[in-house]
Amino acid sequence: MHNDSPDRFDSLADKLPFAVDDYDTVREVYVRWRLQRAASDLETIQTWSYLYALRYLYARFRTERTGASSDLDMAVLRAVQRIYRSLESVRDPERFPQFVSVICRRVLLSHRERRRELAEINDYDAPVEALEAEGYDRQLVRHVLQQAIERLPASLRTIARMRLIDECPYDDIAEATGHPVPTVRTYVSRSLSRLRQDPDVRALYPRAGEPPGNDTPR
Amino acid sequence: MSDLRTLIDTYPDLSCEDRATVRARVEYRPELSALLDRARQLADLVDAARAEDTDIERAERDVDAWLRGDNAPEDPLASRPFRDLLARSSEALGTGESSAGEPPAGDAPAGNAQQPAQPSQPDPPPVVRWGPRLVGVVGVAALLYGALGIASMLSLSERDQVAELSDVKAERIGEADRLYAALDAVRDARRSVLGLFPRYDAEALDATAGELASVAGDASPRSWQSQEARLALGRIHLYRQRDAEAARVLGSLVSDGDYRAPVARRLLDYIRSSGEASASGR
């Protein structure tokens, strides 16, 4: 599974033919690899997964000052190993980016937990409070939510976007859409109900009842 | 407050105070707790999507910029993890000896070409200035080197890691030139790029295996020379996937029960477990 040729890693960034936050493309590549098994697609997926994990964890370690660089190395390694081990068996290939983000998030939360235990022993090592306690990848979340909103019925779409993403007040939405405020509230409620059922959105968090680390069928 | 179910349905759209009220009310209605949990998950996502630009997103954009080859962030030294990465990569890549800021030799301005040579004076100690651009370049190098290091680790099979040929060495504690030469030959058979992606030349290893077998055969079985030679030989067989030969050599070490027996037993355990795994996989 792992690449073992040094020259294939001489420049990781050059090996990735698209940006790390181009989630639609990596999803397409992954789905194609599951169907056709092309080595070049596998290389792209591995490279993207590595860079995604590095970017996700580096950004949070840097901001939270939550550990030494060796901790960061180990966290990246742990995440990448889990992703690589699971490449063959992701249940829902269409949601591969969400799958990777869930693994990275779990690694982060697990690291924070261990760090907290250490901090109780030595207060000097207490980490800076996490800016985003839940550890979601906001870029990916925003991307997935926006796409899910675009799939809503036309009657709900604009209202959902204005309220849930742009945080517009109900009065402004009512004025902009010509609906009375109670109707806008009803539409927002319906939108939330649909978003809760959306499989792309649901893939961003672990399935109910599953313990951490158990989203990988073996 | 209206019907609790309705409030839970709209939980992601409630204010912090209203959310707290809903959570408090659900404590008295445990049958609704699962519904609230699902609502809270969506609320977390909505909150994440809504939040203002944070330091985390700025850090992610820095990484994106490095990957695109753009300029380094303005103040990359502001974070401890990055500084650690920087220091480590400087050490690993030798960039700490940078002569940044000094023009390369022979690169003097053309206008100075006809001037008489000045009496030579001792050079002042070079001043190393880590400008933002250089720091950025080194930062990218640090990231890529770290990436390569992890990729290198991942490229090693479990067998390579267990055989651990890099650990084949013996302290120079006595006259054993043939043994030392053979152990050095194992080290010399290693091929790598910048210390990454280690591999061993198969021909060189096999030649060394023959020499180690000869050294072990000539020495007393309980001597340290024999034990070191057999352990190294066992590792080579293991690395070369000759499990039967590895098991025979390592088994003899275990039987002797001397100071190399524990390591040999660990390697034998791996051979047995991998054999069982491949048998059950058939």
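Visitor: At what angle do helix H9 and helix H10 of chain B pack?

Guide: This is a predicted model, in which local features need pLDDT of at least 70, side-chain atom pairs count only at pLDDT 80 or more, and totals for chains, interfaces and linings use all residues. Residues are numbered from 1 along each chain as its sequence is written, while chains are lettered from A and ligands numbered from 1 in the order written. Helices are DSSP runs (H or I, at least four residues), numbered from the N terminus. Axes are lines fitted to C-alpha atoms over the stretch in contact, and angles run from 0 to 180 degrees between N-to-C directions. H9(B), residues 202–218, and H10(B), residues 224–239, pack at about 150°, with axes 9 Å apart. H9(B) is therefore roughly antiparallel to H10(B) (the term applies to angles over 145 degrees).

Visitor: Which residues of H9(B) and H10(B) make the contact?

Guide: Two residues are in contact if their C-beta atoms, placed from the backbone, lie within 7 Å. Among them are Leu205(B) and Leu212(B) of H9(B), and Leu233(B) and Ile236(B) of H10(B).

Visitor: Where does Ser189(A) lie, and is Ser189(A) buried or partly exposed?

Guide: A residue is buried if 20 or more other C-beta atoms lie within 10 Å of its own, exposed if 12 or fewer, and partly exposed in between. Ser189(A) belongs to helix H9 (residues 181–197) of chain A and is partly exposed, because 15 other C-beta atoms lie within 10 Å. Leaving aside neighbours within four places in sequence, Ser189(A) contacts Asp9(B) and Thr10(B).

How values were computed
Helices (H or I, at least four residues) and strands (E, at least two) are DSSP runs, numbered from the N terminus. Angles under 35 degrees count as roughly parallel, over 145 as roughly antiparallel, 65 to 115 as roughly perpendicular and the rest as oblique.
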